[in-house]
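Student: I have a model open and want to learn how to read it. Where do we begin?

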Amino acid sequence: MLEIENLQVAVEGKEILKGLSLKLPAGEVHAIMGPNGSGKSTLSYVLAGRDGYEVTQGRVLFKGEDLLEMEPEKRAAAGVFLAFQYPVEIPGVANTTFLKEAANAVRMARGEEPHDALRFVKLLRAKTKELGMSDEMLKRPVNSGFSGGEKKRNEMLQMAMLEPSLAILDETDSGLDIDALKTVSDAVNAMRAENRTFLVITHYQRLLNHIVPDQIHVLAGGRIVRSGGQELAAELEARGYADILSAAA
Amino acid sequence: MAISVETARQVKELERYKYGFVTDIEADTAPKGLSEEIVRFISAKKGEPQWLLNWRLKAYEQWLSMPEPDWAQLSFPPIDYQDAYYYSAPKQASDGPKTIGDVDPKLLETYEKLGIPLHEQEILAGVQERSNIAVDAVFDSVSVATTFKHKLEEAGVIFCSISEAVQRCPDLVRRYLGSVVPVGDNKHACLNSAVFTDGSFVYIPKGVRCPMELSTYFRINAANTGQFERTLIVADEGSHVSYLEGCTAPMRDENQLHAAVVELVALDEAEIKYSTVQNWYPGDADGVGGIYNFVTKRGACRGCNSKISWTQVETGSAITWKYPSCILQGEGSVGEFHSIAITNNHQQADTGTKMIHLGPNTKSRIISKGISAGRSSQSYRGLVKISPKAHGARNHTQCDSLLVGDSCAAHTVPYIESRNAEAQVEHEATTSRISEDQLFYCRQRGIPEEQAVALVVNGFCRDVLQQLPMEFAVEAQKLVGISLEGSVG
Ligand SMILES: Nc1ncnc2c1ncn2[C@@H]1O[C@H](COP(=O)(O)OP(=O)(O)O)[C@@H](O)[C@H]1O
Ligand SMILES: [Mg+2]
């Protein structure tokens, strides 16, 4: 699904990613863990195509195509979804309107018919309920005045509606209480599928008890320094990053 | 090569300004230029009474010596008033259409292209029991059709072209014409008084709630023609009316002058809601052509507890000079101004409002949303004036500017003159650039950049869009998107 080869990225002239390589096969869930400032969000923004991130080396193939060549909206249409660490507020734009524009834009770019208005609302209501959100939140402006937890649920709602083939979750777990964490994890687990890949970025091991990944990678100093199975998460939890990093260095 | 580039540009322009077609109709046109003869010609064409001719002549004389208003932040070459036609009417078999069946089918086609199927509206209304919108359509200089005349007459509402009103109810016209915007108010209004060709007239009798939305569509079709409509709306005691005005013009390389005057009068407990969606041709991307929109709009809340609210969506015109205002005379009267102004490419707009508080406990509210894109420039100019007798007067002004790109400009010029120490006047203003974060967020969700801009801007304008009658809110939202095309990327 996604192949990252020797990716080097600079932000405002400062090198952040220094040769990162990663292979995510279809149908798998991979987790990236790493200390604050290690470049996790940078990686997610580069994959989504945000301006201001200069790729100085390396390449990224998504379903065999050069991802870095594509405009952000093209990537979304091709199936890339990023759940933002800090979801953005859009005052005055109702959540439903936003979701509908997004879903239909993606469908049109994929050569599909736009959603039938009635069916769309039905589908949206069902997903909203699954995520423990109220219909009232659909009428409110996108993320405006939402609590941290509500924003994260809203990201998951968008993911559910857009049905991506690659979902990148950037610290979706931070700021969630245990119930919300469970709801969000259930939503992700329900979407796990053969033709869908997840890249779950987290700072804490506890999320990985709910969303059990196929592989865990540790990002530090702009590179993947360790990869392994569930046992790696437990090791991190027990010994902390510092220990692992010094061992890897 | 050059030719194909030029053609490509024109095709692109055509796509962008979808109202830019020309209707091929024989027109009955006065000779070019402005003179006392032309004023007499217009008045004679309309078979006007002597008092009105005298009124026009007085205005013309005054106009000759009046200076152009020069305080707005606008720049354009001096207008050659002799290089325009002041009267152009589509030729009709008879003197004018009596029913919609008499209207030239080509004209009806034009209105259909503009999205106002006059025919359909009447037919639909005959078949289905539902509240509809009555439309008065003004084509170049004359009103060609007013729909739903009979239904309105049953309610006692008079809604017709102003030329017709002069014949039908001269006393009402004579009493109120020029009573809100005096002949010599400013040079543009003065010119309008001398040469106004048509426009709408509305009278709502005591205690009547107008049974439907009233609407006027203005269209400039003929080349080199100025359009000078005059609209007068009188809401008698305890009455209520909602009125919508829409405007379009074909694309032409030369600038066309549009100098309208709108006067509103609300008596005791009456309410007038006046909405405008202005989409005159703005000129091409290089700033060639487009309408000069120099409009004087003013409402007088004469009665106690009366209310006048202006809502405008201004996306068109090369230059806009427009300050819909309220004179709050009656005790407890309320004035509102809700505005969205969008300028793109080389458009210039100097727009705002005046709220003149004369009576006690008068209230006014101003919400202005200005969006500048491309190389355009825009100013909000507002005056809130509180007279010594306006005890308990209150005003709240919210003025937000949004910049799209970095070659545009926005200015906010609020004047506050309070001569009553008890009055409460609040002014809030913000200026921001369209947020990269918001655009990226939308694009990550698959929404293309231009559509993302339209979405974010519509969100920014929401408070004002909500004030529009439902039927037009949707149209206005689309217009926001269309007028910002080409502003990013
Ligand atoms: N827009 C930016 N401008 C300057 N530095 C940035 C910017 N974004 C991120 N950085 C820097 O890049 C490094 C990695 O940040 P980030 O990717 O957000 O880390 P993480 O998500 O792992 O906490 C940090 O040192 C941060 O300060
Ligand atoms: Mg981060």
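Tutor: With burial. A residue counts as buried under 20% relative accessible area, exposed over 50%, and partly exposed in between, using a 1.4 Å probe and protein chains only. A:Ser185 is buried, at a relative accessible area of 1%. One caution: this is a predicted model, where local features need pLDDT of at least 70, side-chain atom pairs need pLDDT 80 or more, and totals for chains, interfaces and linings use all residues. Residues are numbered from 1 along each chain as written, chains are lettered from A and ligands numbered from 1 in written order, and side-chain values use heavy atoms, without hydrogens or water.

Student: Where does A:Ser185 sit, and which residues does A:Ser185 touch?

Tutor: Helices are DSSP runs of H or I with at least four residues; strands are E runs of at least two; both are numbered from the N terminus. A:Ser185 belongs to helix 7 of chain A, residues 178-191. Contact means heavy atoms within 4.5 Å. Leaving out residues up to four places away in sequence, A:Ser185 touches A:Leu207, A:His210 and A:Ile211.

Student: Which residues come nearest to ligand 1?

Tutor: A residue is near a molecule if one of its heavy atoms lies within 4 Å of it. Ligand 1 has 13 residues around it, and A:Ile16, A:Gly37, A:Lys40, A:Ser41 and A:Thr42 come nearest. Helix 1 (40-48) of chain A gives the largest share of that shell, 3 residues. Strand 2 (14-24) also supplies at least two.

Student: How do I read polar contacts to ligand 1?

Tutor: Look for a pair of N or O atoms within 3.5 Å. A polar side-chain atom of A:Thr42 lies 2.5 Å from a ligand 1 oxygen. Backbone N or O atoms also take part: that of A:Lys40 lies 2.8 Å from an oxygen of ligand 1, and that of A:Gly39 3.1 Å from one. The protein covers 65% of the 550 Å² of accessible area that ligand 1 has on its own, by the Shrake-Rupley method with a 1.4 Å probe.

Student: How many residues does each chain bring to the contact between chain A and chain B?

Tutor: Chain A brings 31 and chain B 18. Buried area is the accessible area that two parts lose on being put together, summed over both. Here that is about 2,100 Å², with 61% from carbon and sulfur atoms. On the chain A side, A:Arg50, A:Glu73 and A:Glu101 lose the most area, together 25% of what that side buries.

Methods
Polar contact = N/O pair within 3.5 Å; in protein donor to acceptor, adjacent residues only side chain to side chain. Buried area = accessible area lost by both parts, 1.4 Å probe.
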